[in-house]
Amino acid sequence: MLVLFKLIDQFQYSPLDASVTLTVFCLVLVLTITFHEFSHAFSAMQLGDCTAKDQGRLTLDPRAHLDPLGSSLFLFAGFGWARPTPVHPEALRPGPRLGMALVSGAGPLSNIGIAMLAAVPINIGAGHLEYIGFVRFWGSVDEILFYVLGSLVFWNLLLASFNLIPLAPLDGFKIVIGVLPRPLAFRFAKLERYGSAPLL
């Protein structure tokens, strides 16, 4: 509820700034999630599995990737989810384990790439470091762009790092299974039977 509480508090003091905060938060989150899931679909297609493409998921249209409940929970609970990208591991050319590791890694890598691009203006002194993080917007109109860039850096790095946690059903779990020696991967994969309970 942290996100919602911060916004309610800001709306009481500055509705205009609060509107900028909410709008940028939603737009950046939609962009971040959409590109993450698109990258899974694109990498799967490059490795020989067209399942996501056939289901209309090889697109940058957010409607193909966002889950209504999962998306709204980002605002109300501080965490959420998107629609999982469908992948048939057996169709991946490197093989099921390595193929899934590569497809899973594509999502976090895409978010790191977006964060790096958004950080360039900040690193050369054109942006403001105080806008990196979940901070509310308090500024003038000419600072909105820097607020967007700071939000892109923060939310993309947060999504990437969270998804790299090696617990099911996150991307990090499939990456670890793909790179571990087969006997260790088989033992590690047994953690999946517990579902998302360890993650929670």
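What share of the contacts in the protein with a separation of 6 or more comes from residues 24 or more positions apart? Such residues account for 61% of these contacts, where contact means heavy atoms within 4.5 Å.

This is a predicted model, in which local features need pLDDT of at least 70 and side-chain atom pairs count only at pLDDT 80 or more, while totals for chains, interfaces and linings use all residues. Residues are numbered from 1 along each chain as its sequence is written, and side-chain values use heavy atoms, with hydrogens and water left out.

The protein has 8 helices and 0 strands, these being DSSP runs (H or I of at least four residues for helices, E of at least two for strands) numbered from the N terminus. The radius of gyration, taken over C-alpha atoms, is set beside the globule rule, 2.2 Å times the number of residues to the power 0.38.

| Quantity | Value |
|---|---|
| Radius of gyration of the protein | 18 Å |

One residue can be followed in detail. S196 lies in the segment after α8 (182-189) and is partly exposed, with a relative accessible area of 33%, which falls between the buried limit of 20% and the exposed limit of 50%. Leaving aside neighbours within four places in sequence, S196 is in contact with A168 and P169. S196 and L170 are 26 residues apart in sequence, and their C-alpha atoms are 8.9 Å apart in space.

Terms used
Buried means under 20% relative accessible area, exposed over 50%, partly exposed in between (1.4 Å probe, protein chains only).
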